[in-house]
Amino acid sequence: VIRYRLADADRRTLARGVQAAARLHLAAGAAEAFTLHARGGRVGSEQDFAALDSLDYGPNRLGLYSAHVNGTCRLGADPHKSVCTPDGRVRGVPGLYVADGSLLPTAPGVNPQETIMGLATVIARRIRSS
């Protein structure tokens, strides 16, 4: 289960980032900018920014997601630090393998597509040869 829980400092940083992104969109010529809030979050002019300060950043009030959910089934030799063995097998579940981005230790900060394809290829070959 993946849970996103914002600490107070994260919430403040996110609020500043939302406002900065909205300002950038308006400066680039957008007529309006929208946040991912369930309610509110529409900005059309500088006067609208004050309303963004009162938006709720609590659970289910703002859409937060990750395009690359990495590190949820880490690959590794240490069973205390990894879900999967170095060959992609899930510990404690015979016959179950993982061959996607969840094997990575964390989000790498760059597009992990080639790394994921490489891992999947190596794991598929190991499954086939076993």
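Hi everyone. A word on the ground rules: this is a predicted model, where local features need pLDDT of at least 70 and side-chain atom pairs count only at pLDDT 80 or more, while totals for chains, interfaces and linings use all residues. Residues are numbered from 1 along each chain as its sequence is written, and side-chain values use heavy atoms, with hydrogens and water left out.

Let's start with helix H1, residues 8–27. Helices (H or I, at least four residues) and strands (E, at least two) are DSSP runs, numbered from the N terminus.

Which residues of H1 are buried? Ala-15, Val-18, Gln-19 and Ala-22 are, where buried means under 20% relative accessible area, exposed over 50%, and partly exposed in between (1.4 Å probe, protein chains only). These four cover an arc of only 90° around the axis, so they sit on the same side of H1; that arc is taken from the directions from the helix axis to the C-beta atoms. An α-helix has 3.6 residues a turn, so residues three or four places apart point the same way. On the other side of H1, Arg-16, Leu-24 and Ala-27 are exposed. The cover over the buried residues includes E1, E2 and helix H2 (49–52). After H1 comes Gly-29, with a positive phi near 115°.

Now the salt bridges, each a side-chain nitrogen of Lys or Arg within 4 Å of a carboxyl oxygen of Asp or Glu. The whole structure has five. One of them joins Arg-42 and Glu-32 at 2.2 Å, N to O. Arg-42 lies in strand E2 and Glu-32 in the loop between H1 and strand E1, so the pair ties together parts ten residues apart in sequence. Arg-42 is exposed at 56%, and Glu-32 is partly exposed at 31%. Another bridge pairs Arg-89 with Asp-87 at 2.9 Å; here Asp-87 is buried, at 19%, and Arg-89 is partly exposed, at 39%.

Last, the cysteines. How many disulfides are there? The count is zero, taking a disulfide as two cysteine sulfur atoms within 2.5 Å.

Definitions and conventions. Contact = heavy atoms within 4.5 Å.
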